[in-house]
Amino acid sequence: MTATAHGTPADVKDLALAPEGRRRTEWAERSMPVLRQIRERFTREQPLKGRRLSACLHVTTETANLAVTLKAGGADVALCASNPLSTQDDVAAHLVADHGIKVFAIKGEDHATYYDHIRAALAHRPDVTMDDGADLVGALHMVALNRLDDLPPPVRRWVETLSSADRAALVRGVVGSTEETTTGVIRLKAMAKDKVLQFPVIAVNDSETKHLFDNRYGTGQSTLDGILRATNLLIAGSTVVVAGYGWCGRGFAQRARGAGATVLVTEIDPLKALEAQMDGFRVVPMQEAAAIGDIFVTLTGNTHVVRLEHMRRMKDGAVIANSGHFNVELDLDGLAKEAQGPTRVREFVEEWRLGGKRIFVLAEGRLVNLAAAEGHPASVMDMSFANQALAAEYVVRQAASLGKDVHRIPAELDRDIARLKLSSMGVGIDTLTPEQQRYLASWDQGT
Ligand code: NAI
């Protein structure tokens, strides 16, 4: 545990990195005008006053701007990482040193430390939680259902020290939660279906101003950025295989094509596959793509999408990477059983020898855009985190009326975010004339 001069409990790499973290966070803030406006209102209105908020998010410059906004709204904020490789240590130091925010995150932390930091966020006794992948909510639900054996050891050991009344109070204390990503929302909806969800959750990912932009343009650009920073390979003239043509996959496929690659898409959904084919990509099964591709990227939210049977068919020097949420999309355990390695050949590149061929795995199969690059650009996170801030306010205000289910923020707030973003970009749009409004609401005017 590091502790600052103000006695803020925290565990970060080095508080001396704070000035660099501050400079970079301020740079990101320039591209986050919508969040800035929300921060100004939060400062005046204090909608989160007296609330303890624990967030488990990628600790980046954009998240720093969100954390500061939540604090400006009156919340006492604790922050841990939602991925062991995505923390920007200078940003973590800046939040602790300059804002007194309790940050528990160190880039490259091992499994035990990662979960000890989740424990610290839970020990903050949150009224509101904010997740990117449902790790905090997942742990709280294991406590609620008394499934302590399913908790990671650092969390389990702490929970075992609590009385049963205290454990119940920990869960009951949470009035609501928010979730950032597709994978987390899928899990939460499964919990709601099984009727085990203990409090309302706002699915930020389901907002139009989130997934249409963050998943598509943010993941599209930053995944390419991660691959380039990790490898410095020339994309033009190469064959890139994109597994999954959802919001993230289509964004990345577009960007890879824009950089000059021939792009193949693999899918399991006939509609998405058809869309990819008509968007001009070649759709093939992974077994076929395996022998053709130079660079493979998974963006599916599914497990073992690239398996040993595929890797055996790959060309010498094939590069494999994941940009879906968890590090399960590439079957690296299978690879480790049959291949020799890994040998680290560059900072985020590990070489495996498989039957005389080399396979290069990027960022240990974790989110390549956050591990090897800086994650999404601030301008797109502006909308995602405007959603997070408004979702936190909404869940606190509406807690009593929202059922224990997965909800979206109201469509009107979603549109407000789009309006604010457009106006910050200096883009004007038309408004319906009264005649047009009448026309669109009528049914009696025909040919
Ligand atoms: P989505 O649900 O829109 O798309 C996923 C696609 O993968 C679907 O079209 C599905 O049919 C396809 N798929 C599933 N299993 C497959 C398989 N075995 N082979 C080929 N295709 C398969 O989800 P979205 O929003 O695109 O998110 C994808 C993943 O990326 C999720 O895990 C999400 O949490 C994560 N994500 C990552 C971000 C990042 O920063 N790298 C940002 C946002 C989301």
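This is a predicted model: local features need pLDDT of at least 70, side-chain atom pairs count only at pLDDT 80 or more; totals for chains, interfaces and linings use all residues.

Tutor: Residues are numbered from 1 along each chain as its sequence is written.

Student: Which domains does the assignment of the chain give?

Tutor: Domain bounds come from an automatic or database domain assignment. Here the assignment gives domain 1 (2–210 + 376–424) and domain 2 (217–371). Taken over C-alpha atoms, the centres of domain 1 and domain 2 are separated by 29 Å.

Student: How many residues of each domain are in contact with the other?

Tutor: Two residues are in contact if their C-beta atoms, placed from the backbone, lie within 7 Å. By that criterion, 13 residues of domain 1 are in contact with 13 residues of domain 2. On the side of domain 1 that touches domain 2, α9 and α17 (378–398) each supply at least two residues, and α9 gives the most, with three residues. Helices (H or I, at least four residues) and strands (E, at least two) are DSSP runs, numbered from the N terminus.

Student: How is that side of domain 1 divided by class?

Tutor: Ala, Val, Leu, Ile, Met, Phe, Trp, Tyr, Cys and Pro count as nonpolar, Asp, Glu, Lys and Arg as charged, and the others, Gly among them, as polar. The side of domain 1 that touches domain 2 has five nonpolar, eight polar and no charged residues.

Student: Which residues are closest to the ligand?

Tutor: A residue is near a molecule if its C-beta atom, placed from the backbone, lies within 6 Å of it. In this model 29 residues surround the ligand, and G244, G246, C248, G301 and H325 are the closest. Two or more residues of the shell come from each of α9 (182–193), α10 (208–231), α11 (247–258) and α16 (368–371). By class, the shell holds nine nonpolar, 17 polar and three charged residues. Domain 1 and domain 2 each contribute at least three residues to the shell.

Student: How is the packing of two helices described?

Tutor: The description uses the angle between the axes and the distance between the axes. Axes are lines fitted to C-alpha atoms, for helices over the stretch in contact, and angles run from 0 to 180 degrees between N-to-C directions. Angles under 35 degrees count as roughly parallel, over 145 as roughly antiparallel, 65 to 115 as roughly perpendicular and the rest as oblique. The axes of α3 (residues 61–72) and α4 (residues 89–99) come within 10 Å and cross at roughly 25 degrees; α3 and α4 are therefore roughly parallel to each other. T61, A64, A67, V68 and K71 of α3 meet V91, H94, L95 and H99 of α4, a contact with five nonpolar, three polar and one charged residues.

Student: At what angle do α5 and α6 cross?

Tutor: The axes of α5 (residues 111–123) and α6 (residues 135–144) come within 10 Å and cross at roughly 75 degrees, so α5 is roughly perpendicular to α6. I118, A121 and L122 of α5 meet D135, L136 and A139 of α6.

Student: Which backbone details deserve a look?

Tutor: The peptide bond from G341 to P342 is cis, with omega near 0 degrees, and P342 is in strand β14 (residues 340–346). Q46, a residue other than glycine, has a positive phi, near 50 degrees; Q46 is in the loop between α2 (33–45) and β3 (52–56).
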